[in-house]
Amino acid sequence: MTAVFDLKGVSFRYPSGRREVLEDIALEVAPGALFSILGPNGSGKSTLLQVMLGELAAPTGSIEFGGRPIRQWSRRAIARQVAFVPQGEPLAFPLTVRQLVEMGRFPHVGVLGRSGPADEAAVLRAMERAGVQKLADRSINTLSGGERQRARIARALAQEPSTLVLDEPTAALDLHYEMETFELMRELATESGFTVVLATHNLNLAARYASNLLLLSEGRIQATGDPASVLTHETLERVYRWPVVVTPHPGPGSDAGAPQVLPLSRPD
Amino acid sequence: MIGRLFLLLLACLAVAAGALMVGPVEVPLREVLNAIQGKADPTAQTIVMGLRLPRVILAALVGAGLALSGAVFQALLRNPLAEPYVLGVSSGAALGAVTAIVFGMTIGSVVALPFSAFGGAVLAVFLVLAMAGGRGRGLDTRVLLLSGVVIGAFFNAIILLIINFADVETFRAAFLWIMGSFSGASPEAALTLSIYLVPAVLGLTLLARPLNLLSVGEQSAFHLGVDVRRFKLVLYVATSLVVGVCVAGAGAIGFVGLVVPHGLRLIGGSDHRWLLPACAISGAMFMVAADTVARTVVAPAELPVGVVTALIGVPVFLWLLVRNEEFR
């Protein structure tokens with residue numbers, strides 16, 4: 001099966017930057033995977049997502065989506081395949097949830113097209129799936145952080161993509177919304193056949209929900225594979241420069257045994 | 001949405017009819033309607049069709065163009081305070097126009113004047129963006145507005161410098177460009193403007209959907225399937241052209257692009273599929289009303305119409321500025 005994302009030897013530096021933000025990155029995301037990108041602040045997670053999606057052009061290496069170089073896809077064609085949920089979006093003008101979600105239909109409708117019943121149905125399905133149908137006519141400005149994030153996820157689902165990419169979707173969310181987001185992502189990946197790529201700081205939830213992890217530090221891959229092989233005591237202490245213990249999740253259910261990271265107090 | 005636009009259109013027509021009626025000689029509505037059909041008595045015929053109608057049409061076109069370009073700038077820069085005059089773009093266009101006049105291109109010129117004003121507008125857009133967006137990603141609101149105001153002041157200074165070397169008649173004409181006026185309206189001027197403005201306004205209105213995406217953020221628009229770089233270029237060029245043509249027709253009239261979109265956002269929200277056509281209609285209405293005030297309130301003298309729009313626009317601007325600060 002063709003990998004969804006296939007990166008080989010990708011390096012990137014900002015025009016004004018002195019050092020490489022990404023160095024020699026190689027990764028493959030299989031269809032249906034829940035692929036989680038981890039790493040400290042400034043390790044290059046967001047940049048990696050932007051490069052993968054063709055938003056930033058990497059001068060070296062190859063980046064393919066669905067077997068085709070990412071920069072060769074037309075904007076609208078790729079937006080029907082991949083939806084991106086950004087970290088945050090300060091809105092300059094008030095919009096309702098429905099108006100925001102309707103924007104997800106742009107890749108299907110185009111500049112001059114008219115949206116039809118199929119688009120309306122997709123918008124409703126997306127709002128239901130993300131649990132914002134009751135908020136449809138509320139202004140985004142009146143929503144809590146968690147509700148806003150779900151509205152953005154609904155917009156991404158309205159694109160009817162095969163792949164979802166999320167940049168720290170649970171940053172600044174409380175426990176409830178964070179768990180709900182991870183549950184939804186797992187549901188989408190395992191039940192609806194989505195491929196999900198998400199960057200996160202939450203090592204413990206990534207260990208429980210993701211099928212594959214990639215740990216980034218200073219623009220290089222430190223470890224990649226299943227949770228048990230990536231979240232090891234040695235790797236984590238080196239990358240995060242902090243003492244930790246890694247202990248198996250007590251369960252119940254499918255969580256049992258997933259590696260959980262406990263940071264220790266600073267040794268005296 | 002169609003219903004609201006229709007109501008705005010009716011209101012606009014009512015204001016236009018009012019504008020055709022009032023002035024040094026009052027013309028009753030029935031005579032106005034007769035004049036439009038060519039059946040009024042000769043005096044009313046000349047006043048309505050020869051003097052007032054071209055002026056009303058010119059004001060409507062310029063108002064529509066300026067209000068629309070205000071809305072587009074606001075979406076492009078994601079800033080409700082952006083507006084051609086505040087951004088210095090109108091002053092850039094005025095400098096282009098004044099340069100053309102001083103170098104002897106006649107005022108009625110169909111091509112030279114709008115295009116030199118367009119050139120000035122493009123120069124101003126370029127300078128403001130370079131100053132406000134130069135150092136990093138994203139535009140800082142305060143830097144953006146400061147840049148616009150400062151660049152506008154600079155262009156105005158150059159205009160005053162240039163016209164000091166001109167003869168008295170040019171001086172007077174060029175001075176009107178700085179505040180804006182429709183006193184030079186003629187059927188030819190109205191026709192010239194409509195050649196540029198009608199297609200540009202219709203074309204921009206068709207871009208409402210991608211403009212919605214852009215108003216949310218460039219990154220989001222990119223990932224939702226908009227070719228952001230190309231689209232922004234098209235929008236900047238088109239709005240600069242609209243501003244250039246408007247300024248070439250009537251001078252730098254401020255704050256229309258601020259007051260009109262803001263009022264419409266309050267009524268019907270920020271969806272550009274409604275906002276852009278509504279701006280074109282309401283901008284026309286606003287400008288016709290402002291010009292009618294300008295030419296009647298101190299009769300027989302006449303105020304520059306820019307004075308009227310600034311008297312309304314500056315309080316709105318300040319109110320938006322204060323409210324915007326609270327948001328951050």
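Let me start with helix α4 of chain B, residues 89-102. It has 14 residues and reaches 20 Å from first C-alpha to last, close to the 20 Å expected at 1.5 Å a residue. The expected span is 1.5 Å times one less than the number of residues. Helices here are DSSP runs of H or I with at least four residues, strands are runs of E with at least two, and both are numbered from the N terminus.

Some housekeeping. This is a predicted model: local features need pLDDT of at least 70, side-chain atom pairs count only at pLDDT 80 or more, and totals for chains, interfaces and linings use all residues. Residues are numbered from 1 along each chain as its sequence is written, while chains are lettered from A and ligands numbered from 1 in the order in which they are written.

Back to α4(B). How many of its 14 residues are buried? The count is 12, so the helix is mostly covered. Buried means 20 or more other C-beta atoms within 10 Å of the residue's own; exposed means 12 or fewer; partly exposed is in between, with C-beta atoms placed from the backbone. The buried set includes B:A94, B:A97 and B:V98. Just after the helix, B:G104 takes a positive phi of about 90°.

B:W177 counts as buried because it has 27 C-beta neighbours inside 10 Å. Leaving aside neighbours within four places in sequence, B:W177 is in contact with B:A94, B:A97, B:V98, B:G251 and B:A252. Contact means C-beta atoms, placed from the backbone, within 7 Å. Its C-alpha is 15 Å from that of B:G63, and 114 residues separate the two along the chain.

Now the interface. 23 residues of chain B are in contact with 20 residues of chain A. On the chain B side, α9 (208-216) and α10 (218-223) each supply at least two residues. α9(B) gives the largest share, 6 residues. By type, the chain B side divides into 9 nonpolar, 9 polar and 5 charged. Nonpolar is Ala, Val, Leu, Ile, Met, Phe, Trp, Tyr, Cys and Pro; charged is Asp, Glu, Lys and Arg; the others, Gly among them, are polar.

On to chain A and its sheets. One is open, with 6 strands in the order β6-β7-β8-β3-β9-β10 and mixed pairing. Two strands pair if DSSP finds at least two bridges between them. β6 (82-85) and β10 (220-225) stand at the edges with a single partner strand each, so one side of each has no neighbour in the sheet. The twist averages 15° from one strand to the next. Inside the sheet, β3(A) and β8(A) pair in the parallel sense over 4 bridges. There, A:L34 stands opposite A:V196.

β6(A) pairs in the parallel sense with β7(A), residues 163-167, over 4 bridges. A:V85 has A:L166 as its bridge partner.

Next, helix α7 of chain A, residues 175-190. Its 16 residues should span 22 Å at 1.5 Å a residue, and the end C-alpha atoms are 22 Å apart, which agrees. A:T181, A:F182, A:M185 and A:A189 are buried. What covers the buried residues includes β3 (34-38), β8 (195-199) and α8 (203-209) of chain A.

The other sheet: 4 strands, open, antiparallel, in the order β2-β1-β4-β5 of chain A. β2 (22-29) and β5 (68-69) are the edge strands, each pairing on one side only.

Most residues other than glycine have a negative phi, and most peptide bonds are trans. A:A172 has a positive phi near 70°. This alanine is in the loop between β7 and α7 of chain A. The peptide bond from A:G251 to A:P252 is cis, with omega near 10°. A:P252 lies in the loop between β11 (244-248) and β12 (259-263) of chain A.

Definitions and conventions
Contact = placed C-beta atoms within 7 Å. Axes fitted to C-alpha atoms, helices over the stretch in contact; angles between N-to-C directions.
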